[in-house]
Amino acid sequence: MTRMISKIATLGFLAAVAALAASPASAQATLDTVKKRGKVLCGVSPSSAGYSFADDKGVRKGFDSDVCRAISSAVFGAPDKVEFVPLNTNIRFQALQSGEIDVLSRQTTLTFSRDNSLGLDFGPVVFYDGQGLMVNAKLGVKSASELSQAAICLLPGTTTLQNLEDFFKPRGIKYESVVFEDNNEWRNAFFSGRCDVITSDRSDLASVRAVANDPKQFVILPETISKEPLAPVVRQNDSNWKDIVSWSVNALIAAEEYGITQANVDEKLQSKEPEIQRMLGVSGDLGKMLNLDNKWAYNIIKQNGNYGEFFERNLGESTRLGLTRGPNQLWTKGGLLYSPPFR
Amino acid sequence: MAAPSSNPLRLLNDLRVRAVLYQVVAVALVVGIGLYLFGNVSRKLAEQNIATGFAYLDRPAGFVISQSFIAYDSSNSYARALLVGILNTVFVSIFAVLLSTVLGLVVGIARLSRNPMLSLLAKLYVEALRNVPLLLYLFLWYALIVAVFPPVREAWQPIPEVFVSNGGLIVPSLRWSPAHSGVLLAALAGVVLAFVVAGRLRRHRVATGIERRAWPIVLAASLLPPLLAALLLQPDLVVNWPEKGRFRITGGLQVTPEFTALLVGLGLSASAGIAEIVRAGILSVGRGQWEASRSVGLRDGQTMRLVVLPQALRVIVPPLTSSYLSTFKNSSLAIAIGYPDLVMVSNTTMNQTGQAIEGIAIFMLVYLGMSITISLFMNWYNARVALVER
């Protein structure tokens, strides 16, 4: 109830802000606003293991939060000039549209209609995810095509429901969908057998399985029924700010590719490679083109690490989520991560 | 005598003119602010290239809904999906209101019982239900249903072909066709007809004083329309038997656990409030009324039914209206336990289209419209039972 009310209240409030505010988005100048304010307002998940959550000391941890810090490093030369704004899925776009936040880094799937009807622009993909299906191993199901008449538990808020229909309808498979607003109810309904199948992004299913009494009791089916490229989002019509966000992410990926880590970035300043020199601001003036300090990329890596370090720290096999790199591997190692060149 | 309106400003001295003027100014102000906000939102949204308007309602929804009273599949429009949500909301609310009224009436009367055990039980019931938030009860009922009943594959069969599991209650049903709907409508018409006939007979009895046996005529009036419809339309009597599949049981009439939990949660919680309203109503009828009806030889049940409750209704109906309204609005908590009501369908729609302002506007308008309908009906009923001054 309170969540419902607060959601509606927030929406109402944002609508009022959108109506009354002088004009948050006539902003060719998000960068100026951010610099004047002295911090980046970054929209994140309220609580999502591995992506964005507050630890026992109240510090935001997670992959998405680290992307926010990287942007802060690029703009201010310090990773802590971020104010995290926890947003649920229903109000995240409105918060960005109305200028409540500067950038949304919140497990948000890049889709055509979102890119073209919301007045928003997406940065580069930071995580390639896909919707999967998990079942009880006892059922002996080997493939999603066997799921005729099954009951499927899912969460609203994303395109999960639509993906399910896009996948099953052409195959003539009928099913019962049970949609839960609350994560706990959703998981419990699955564990207690109300639903035969639980569906979400594969990374999310991994964390559901991690909290089961006996994780081995559940299997994730091989099919990935949708593409879920997660990317940061900014407002349209401010290409400078979009470039800053995009190239901050690209710098993370390129740094991993060139072997630049948080630990060795200072040595790499002596590198003879012209591309590394340009990126780290030893030569050229790439930073100035972004209206940033020439050391912007150096600061990102020195203060936060590269993409690989982000992944291992928050999502990797040593963490509770225990994800493998999969498609989120460099293109040179058979993955999809590919940064355009720094020149 | 000079015309009072020779100087327009002097009109302001007239109290009635001033009263009207204040109202005109107030309305103009509210409408003006509304128009300004609306214009501003539209302009800003357009400036930011954000899609606006209700054109999206015609686009295919692309998602399935687990419970629907009208034909619906994912290729239908968003508008139809919303209609399915609205019907689900209305359906569960009507049943919850009926349940809460019956339970509330029984418990309210039981609280006033001279049997201490019964009145204590009723008191416990009321206090337990109205002192815990409804949302927690919904979680409780849902968790109980899902945890206590076995999974579908091990469903209980208390009677052959009736399945009870945490996937819901499944009973055999008739294969529904338009002919069946026709008979159902005729049956409703029969009920209305029976009421009309009963009213006429009563008036006739009061006017002439001649006592005639009324019930055969009333019964005939209620049965005639459905029988006629059945003869004319000849619906097929094909039974839709439940069938066990690999995962689910298909066919038959299925009552989902989400619906049951919501119905029980809403109905029980509201019944506690209604019990108190009924108790207050009965207590408001003076002792003299009881004593008087006993002295003319009425039994306790008759006294309650014929003398006390009709008078208590005057006190009961206004707060009862509020209780019905909250039940209706509280049905939006459905979203917590997976019942596909209006709010859930709206949320999915908003997430897929990104048009949240329109989505919120639609569901607020629907709730407002339906709440006003309930209020109007209850006000009409209240006027009927109100004290008629002679």
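Predicted model: local features only at pLDDT ≥ 70, side-chain atom pairs only at ≥ 80, totals over all residues.

Author: Start with a pair in chain B: the bridge partner of B:Leu169 in β7(B) is B:Val255. Residues are numbered from 1 along each chain as its sequence is written, while chains are lettered from A and ligands numbered from 1 in the order in which they are written.

Reader: What makes β2 and β7 of chain B a pair?

Author: Two strands pair if DSSP finds at least two bridges between them. Strand β2 (residues 168–171) and β7(B) have 3 bridges, in the antiparallel sense, so they pass that cut-off. Strands here are DSSP runs of E, at least two residues, and helices are runs of H or I, at least four residues, numbered from the N terminus.

Reader: Why is β1 of chain B called an edge strand?

Author: The open sheet runs β1-β2-β7 in chain B, with antiparallel pairing. β1 (163–165) pairs on one side only, and β7 (253–255) likewise. The twist averages 10 degrees from one strand to the next, with axes fitted to C-alpha atoms (for helices over the stretch in contact) and angles running from 0 to 180 degrees between N-to-C directions.

Reader: What about chain A: why is the pairing of the sheet with 5 strands called mixed?

Author: The order is β10-β9-β11-β8-β12. Its edges are β10 (176–179) and β12 (218–220), and neighbouring strands are turned by 30 degrees against each other on average, direction ignored. Look at β11(A): strand β9 (residues 151–154) pairs with β11(A) in the parallel sense over 2 bridges, whereas β8 (residues 131–136) is joined to β11 (residues 197–201) by 5 bridges and runs antiparallel. A:Val197 in β11(A) shows both sides, with A:Ile152 opposite and A:Val135 opposite too.

Reader: How do you know that β11(A) is largely enclosed?

Author: A residue is buried if 20 or more other C-beta atoms lie within 10 Å of its own, exposed if 12 or fewer, and partly exposed in between, with C-beta atoms placed from the backbone. For β11(A), 5 of the 5 residues are buried, so the strand is largely enclosed by the rest of the structure.

Reader: What makes the set with 86 residues a nonpolar core?

Author: Such a core is a set of buried Ala, Val, Leu, Ile, Met, Phe, Trp, Tyr and Cys residues joined through C-beta atoms within 7 Å. The largest one has 86 residues, and those with the most contacts inside it include A:Cys195, A:Val197 and B:Leu262. Helix α7 (residues 257–283) of chain B gives the most, 13 residues.

Reader: And how do you know that chains A and B are in contact?

Author: Contact means C-beta atoms, placed from the backbone, within 7 Å. By that rule, 44 residues of chain A are in contact with 43 residues of chain B. The largest share of the chain A side, 6 residues, comes from α1(A).

Terms used
Contact = placed C-beta atoms within 7 Å.
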